[in-house]
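Student: I have a structure open and want to learn how to read it. Can we go through it feature by feature?

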Amino acid sequence: MKNKSLGSKLLSAPYIVWAALFIIVPLIIMLYFALTNEAGVFTLANLSEIGKYKKAFGLSILYAAIATVITLLLAYPMAYFMTKLKISSQRMLLLIVMLPMWMNFLIRTYSWISILANTGIINTFLGKLGFGPVQLMYTPGAVILGMVYDFIPYMILPIYSVMSKLDKSLLEASEDLGANAFTKFKKVILPLTRPGIISGITMVFVPSVSTFYISQKLGGNKTMLIGDAIEYLFNLGVDYYNIASAISMVLMIMILVCLFVMNRFSDDDDGGVVI
Amino acid sequence: MKALARLYVALIIFFLYAPVLVMIVFSFNESASVWVFQGVSTKWYTGLIADTAMLNALKHTVIIAVLSAVISTVLGTAAAVGITGIRNKLSKKLLMSVTQIPMMNADIVTGISLMLLFIFIGKLIGLNESLGFFTVLLAHITFNLPYVIMSVLPKLRQTDSKLREAALDLGCSPVQAFFKVILPAISTGVLTGFIMAFTLSLDDFVISYFTCGHYQTLPIIIYNMTKKSVTPDTYALSTIIFVAVFALLIFYNVLQSKTDKKSAKPIRH
């Protein structure tokens, strides 16, 4: 027995060193930058500076929340209908949903410009019908659309994965006991698919709230999200690392708190990833 | 109801593929515009072959993806086996929580914290330019590791621990027991981890962006292209990638359905 635990210590040792050096230490360095000034002297000034970015934080949370809700509303029926199909069609559809994920998300985001621009496909079409160009690009709607588009597979897949494992006999039992379609959905399907919903929400919300590419491309200069602020400050140079670290720190804490709250709604303590 | 469901699925698929379609169409555009179509041409494709910066970036991306996937699969599988053997509940839980940080955290935070570490270490050892190939590789291994561990762990949990003990009783050394008994039992998890690591690495932009310095991978070069005005060559490149992935997935699917049929046969007997 002693031999076994020694063996497992030896096996996990390289990883433990790795995790300490590349997960923990970087966060400590970031914390150090957040709590010092350019000269390396302890200060809380960076944290009070963050007030200037209140609007960016607010917008990021608002847009990401709206995008997450829309994604959930679109993805849930999709996952449900997918499970109703033949197994071979399900597998095909799964591939179809996953395929865009394999493509570079920068390009997928960028090609929306071809569709939404004032001289783009939608406006050309509207023009032929006799309507003037509608400003679609560089609006909050375009940014939210980009988030929904880029991350919707991350919502469909975990919900589908939970839903396809749903015990059919439970549904039949609820019907036998007199539940109508709505009650069946509310009392049986929804609670049982909750782990999928929760992992979907986190997988959409976290990248949405911290994005900088989508807002840069589809939102123009008008929308400054928190990711844009961080990226902008880091690119300004070493003098701005402190304030940028402070903002990153706050973003991280915010995300971790959100995840903690979300996990309390989930009774799935398996700790596995649903993909 | 059934027709409505089909319509809904079709609409979602249309939504998913509309930009892809746009990209493919405009990659064949005669003019340099990505919104006004002016006749068919393949000049953007032939132009790509001459674009050495692009080809170099492609090479870099593949090198990083292969190396980081291999290293993280080996390291992560060993870690998963080790973690399963840890008796102390508290240290196990702590290690698992730390492991999940890169998965949970925003990519931008992971990228920046790693960048700060690399610059810090670079300064310590007196390097002028600390970011490059090596730092991208380290960063990719770091964000791949949790996914490998998380796909191997469930398989280990399903594996009967008595198998290993039996192998040891029958005279295997612990190393032999691992390669002859444990590894075959967890091989699907290891493979899933490897594939995930490989694709995550291929597709990563945000973390590479902060850790690459002047070392350009494909997503980085695409980002720089979209910063200026985009010409259809970016679309042409993405179309090639799209077709390659599509072919790969079809191939994989055909292979899988063939093995399904094979394994289904004995049952029918």
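Student: Is Lys52(A) buried or exposed?

Tutor: The model is predicted, so read each value as computed from it. Over 50% relative accessible area means exposed. Lys52(A) has 62% relative accessibility, so Lys52(A) counts as exposed.

Student: Which side chain does Lys52(A) meet in a salt bridge?

Tutor: The side chain of Glu49(A). The N to O distance is 3.3 Å. Glu49(A) is partly exposed, with a relative accessible area of 31%.

Student: Where do Asp150(A) and Arg108(A) lie?

Tutor: Start with the pair itself. Their side chains meet in a salt bridge, 3.9 Å from N to O. Asp150(A) lies in helix H7 (residues 140-163) of chain A, and Arg108(A) lies in helix H5 (residues 105-116) of chain A. The pair therefore ties together parts that are 42 residues apart in sequence.

Student: Are Asp150(A) and Arg108(A) buried or exposed?

Tutor: Under 20% counts as buried. Asp150(A) has 1% relative accessibility, so Asp150(A) is buried. Arg108(A) has 4%, so Arg108(A) is buried too.

Student: What about Glu175(A) and Lys184(A): how do their side chains meet?

Tutor: In a salt bridge, with 2.6 Å from N to O. Now check each partner. Glu175(A) is partly exposed at 42% relative accessibility. Lys184(A) is buried at 15%.

Student: How many salt bridges does the structure hold over all chains?

Tutor: Four. Now look across the interface of chain B and chain A. There the rule finds zero salt bridges.

Student: How many residue pairs are in polar contact between chain B and chain A?

Tutor: The count is 14, with both residues at pLDDT 80 or more.

Student: How do I describe the size of an interface?

Tutor: The size is often given as the accessible area lost when the parts come together. Here the area buried between chain B and chain A is about 7400 Å². Carbon and sulfur atoms give 78% of that area.

Student: Which three residues supply more than any other three of the area that chain B buries against chain A?

Tutor: Phe15(B), Leu16(B) and Trp35(B), with 9%.

Student: Next, disulfides. What is the general idea?

Tutor: A disulfide is a covalent bond between the sulfur atoms of two cysteines. The case here is quick: the structure holds zero disulfides over all chains. Cys172(B) counts as partly exposed at 22%, whereas Cys212(B) is buried at 4%.

Student: Let me finish with one residue. Where does Asn144(B) lie?

Tutor: In helix H6 (residues 133-158) of chain B. Asn144(B) has 0% relative accessibility, so Asn144(B) counts as buried.

Student: With which side chain does the side chain of Asn144(B) make a polar contact?

Tutor: With that of Ser68(B), at 3.2 Å. Then list the contacts, leaving aside neighbours within four places in sequence. Asn144(B) is in contact with Ser68(B), Ala69(B), Ser72(B), Ala197(B), Leu200(B) and Ser201(B).

Technical notes: Residues numbered from 1 in each chain as written. Chains lettered and ligands numbered in written order. Predicted model: local features only at pLDDT ≥ 70, side-chain atom pairs only at ≥ 80, totals over all residues. Heavy atoms only, no water. Buried area = accessible area lost by both parts, 1.4 Å probe. Polar contact = N/O pair within 3.5 Å; in protein donor to acceptor, adjacent residues only side chain to side chain. Buried < 20%, exposed > 50% of the residue type's maximum accessible area, 1.4 Å probe, protein only. Helix = DSSP H or I, 4+ residues; strand = E, 2+ residues; numbered from the N terminus. Disulfide = S-S within 2.5 Å. Contact = heavy atoms within 4.5 Å.
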